[in-house]
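This report is for a reader who is new to the structure shown below. Please look it over before reading on.

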Amino acid sequence: MRAIAIFFLNVLQNTLGMAFGWLFKPKTKQNSCKALSDVEKVKYLEKRRQYKGYKKQWLYYRCREEGLLETYHKLFDTEVEGQDSGTKFSFGKYRGEYVEAIWEFDKKYVNWLSQQDWLAQYLDESDMIHELLHLEEENQN
């Protein structure tokens, strides 16, 4: 008889626990990333990149998606020397980015662009891309 009573008490306790457990569950910090500063966000993303084993490009693209590129460049000093007078893309998925910076991260895209006929419409970008390709050819020789 005692075993049956204990069984029913356990069933009742488990039922009440499932029914009202959501009331007493510890509150986690939802959206806690919003409370971080931009520098802390980029550092967090870098730790995550290293932990997951992603390439360095992942951090660049993620910072670009999150609007943290300026902080990324400040922290990791990836800006090209003299970039203030550099050429920025005025089109495409890298609009507003320096051609030299994209050259470091996505050479396939820049090589693809160099083969497009319509690139001639964008004189500054075209000149910079062909200059970078020429410099790479000289370095390979």
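## Basis

The model is predicted, so local features need pLDDT of at least 70 and side-chain atom pairs count only at pLDDT 80 or more, while totals for chains, interfaces and linings use all residues. Residues are numbered from 1 along each chain as its sequence is written, and side-chain values use heavy atoms, with hydrogens and water left out.

## Overall make-up

The protein has 7 helices and 0 strands, and its pattern along the sequence is α-α-α-α-α-α-α. Helices (H or I, at least four residues) and strands (E, at least two) are DSSP runs, numbered from the N terminus.

Of the 141 residues in the protein, 27% are buried. Buried means under 20% relative accessible area, exposed over 50%, and partly exposed in between (1.4 Å probe, protein chains only). Among contacts with a separation of 6 or more, 42% join residues 24 or more positions apart; a contact means heavy atoms within 4.5 Å.

## Helix H7

Helix H7 covers residues 123–140, 18 residues in total. From first C-alpha to last it reaches 26 Å, close to the 26 Å expected at 1.5 Å a residue; the expected span is 1.5 Å times one less than the number of residues.

The buried residues in H7 are Glu125, Ser126, Met128, Ile129, Leu132 and Leu133. Their cover includes helix H5 (99–105) and helix H6 (107–114).

## Glu125

Glu125 lies in helix H7. Glu125 is buried but has no salt bridge, and the nearest side chain of opposite charge, Arg95, is 8.4 Å away. A salt bridge is a side-chain nitrogen of Lys or Arg within 4 Å of a carboxyl oxygen of Asp or Glu. Lys and Arg count as positive and Asp and Glu as negative; His and the chain ends are not counted.

Leaving aside neighbours within four places in sequence, the contacts of Glu125 include Lys88, Ser90 and Val99.

## Aromatic pairs

Rings of Phe, Tyr and Trp (its six-membered ring) pair if their centres lie within 6.5 Å; planes under 30 degrees apart count as stacked, over 60 as edge-to-face and the rest as tilted. The count comes to 15 aromatic pairs. Tyr54 and Trp58 have ring centres 5.0 Å apart and planes at 40°, so this pair is tilted. Tyr54 is partly exposed, at 34% relative accessible area.

Trp118 and Tyr122 form an edge-to-face pair, 6.2 Å centre to centre with 85° between the planes. Phe89, Phe91, Tyr94, Tyr109, Trp112, Trp118 and Tyr122 form one aromatic cluster.
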